[in-house]
Amino acid sequence: MNSLPAGDVFTDERDGNAYRTVLIGGQCWMAENLRYLPSVSPISERLLLRPWQRVQNRSQTRPYYYVYGYQGRQVSQAKATANYRNYGVLYNWPAAMAACPPGWHLPGDEEWTQLVNYLMDQYGLFNDWVHTHCVGNALKSCRQMDSPLGGACNTSEHPRWESIRTPPPERKTVAVNVQEQYGEDTVGFAALPGGRYAYGAFTELGFIGFWWTSTEYDATRAWYRFMRHEFGDVTRSNLDKSAGLSVRCIRD
């Protein structure tokens, strides 16, 4: 399987951030997580709210922006962190809906489905937990601890995925029979695990990448896609709009 040719580099005139792009099946995607950060939502304000107040405060109309692990209020300080440089910004759903620059938009659920189906149809990939030739592995960056691909792919330096032998924080063991479930970056999408902000905490950095879609599930929840360090699938689920997830923009 050969990598598709990389597209042009797009520069966001709002802040000067430059993004690699990639053309996959007629869709032009940014090949990096979005880093647009007009403000930082203060941790102190979030933690003072009770759970039901947090949901009401963030999920309906107010955009909130997070940088993984950053506790302050200063945009310049947040942008100076390694997590910002390596993994981009985490957006609640109202922020994600307006985050992409002119000429780009937050992809809908059906556009993510089109991406997954194209790779399955064109390359005979699977989208499950069992097979090794899976859509998620083709989309994930090859930068991973203990990657059998070697070279720059086998790295402990960020940005990267955790080793499949490293259990996520909420589990004591990893899944079995996943020896070949490593990112391959077959199509240049270079998905990275930026984690999330949800339920009052930052979690899953290095283990899971979460990306919002523009499609609502209901008044308080929206659809998203996620990929994990130890599996090769691209999973569809829905989450409260207050959560902070990554954004990948797609060209209009």
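Reader: How many aromatic pairs does the count come to in this structure?

Author: In this predicted model, the count comes to 15 aromatic pairs.

Reader: What makes Trp 112 and Trp 211 an aromatic pair, and why is the pair called tilted?

Author: The ring centres of Trp 112 and Trp 211 are 6.1 Å apart, and a pair requires centres within 6.5 Å. The planes stand at 35 degrees; under 30 degrees would count as stacked and over 60 as edge-to-face, so the remaining term, tilted, applies.

Reader: How do you know that this pair links distant parts of the chain?

Author: Trp 112 belongs to helix α6 (residues 109-123), whereas Trp 211 belongs to strand β9 (residues 208-216). The two residues are 99 residues apart.

Reader: Why are Trp 112 and Trp 211 called buried?

Author: The term applies under 20% relative accessible area. Trp 112 has a value of 0%, and Trp 211 also has 0%, so both residues are buried.

Reader: What makes the pair of Phe 210 and Tyr 224 tilted?

Author: The angle between the planes of Phe 210 and Tyr 224 is 45 degrees, with 6.0 Å centre to centre.

Reader: Which parts does the pair of Phe 210 and Tyr 224 tie together?

Author: Phe 210 lies in strand β9 and Tyr 224 in strand β10 (residues 221-228), so the pair joins parts 14 residues apart in sequence. Phe 210, with a relative accessible area of 3%, is buried, and Tyr 224, at 6%, counts as buried.

Reader: What makes Arg 236 a residue that lies over the face of Trp 223?

Author: Arg 236 is placed at 3.6 Å from the ring centre of Trp 223, and the distance criterion is within 6 Å. Arg 248 lies over the face of Phe 189, at 4.4 Å from the ring centre. Phe 189 also belongs to one aromatic cluster with Trp 29, Trp 112 and Trp 211.

Reader: Which residues have the most contacts inside the largest nonpolar core?

Author: They are Leu 34, Leu 37, Tyr 91, Trp 212 and Val 247, in a core of 35 residues. The elements giving two or more residues to this core are β3 (27-30), α5 (93-97), β9 and β10. Beyond its neighbours within four places in sequence, Leu 34 is in contact with residues including Tyr 19, Tyr 91, Pro 101 and Val 247.

Reader: Where does Trp 211 belong among the cores?

Author: Trp 211 is in another core, of 29 residues, which lies apart from the largest one and includes Tyr 64, Ala 138 and Trp 161.

Definitions and conventions
Residues numbered from 1 in each chain as written. Predicted model: local features only at pLDDT ≥ 70, side-chain atom pairs only at ≥ 80, totals over all residues. Heavy atoms only, no water. Helix = DSSP H or I, 4+ residues; strand = E, 2+ residues; numbered from the N terminus. Buried < 20%, exposed > 50% of the residue type's maximum accessible area, 1.4 Å probe, protein only. Lys NZ or Arg CZ within 6 Å of the ring centre and 35° of its normal. Core = buried A, V, L, I, M, F, W, Y, C linked by side-chain atoms within 4.5 Å. Contact = heavy atoms within 4.5 Å.
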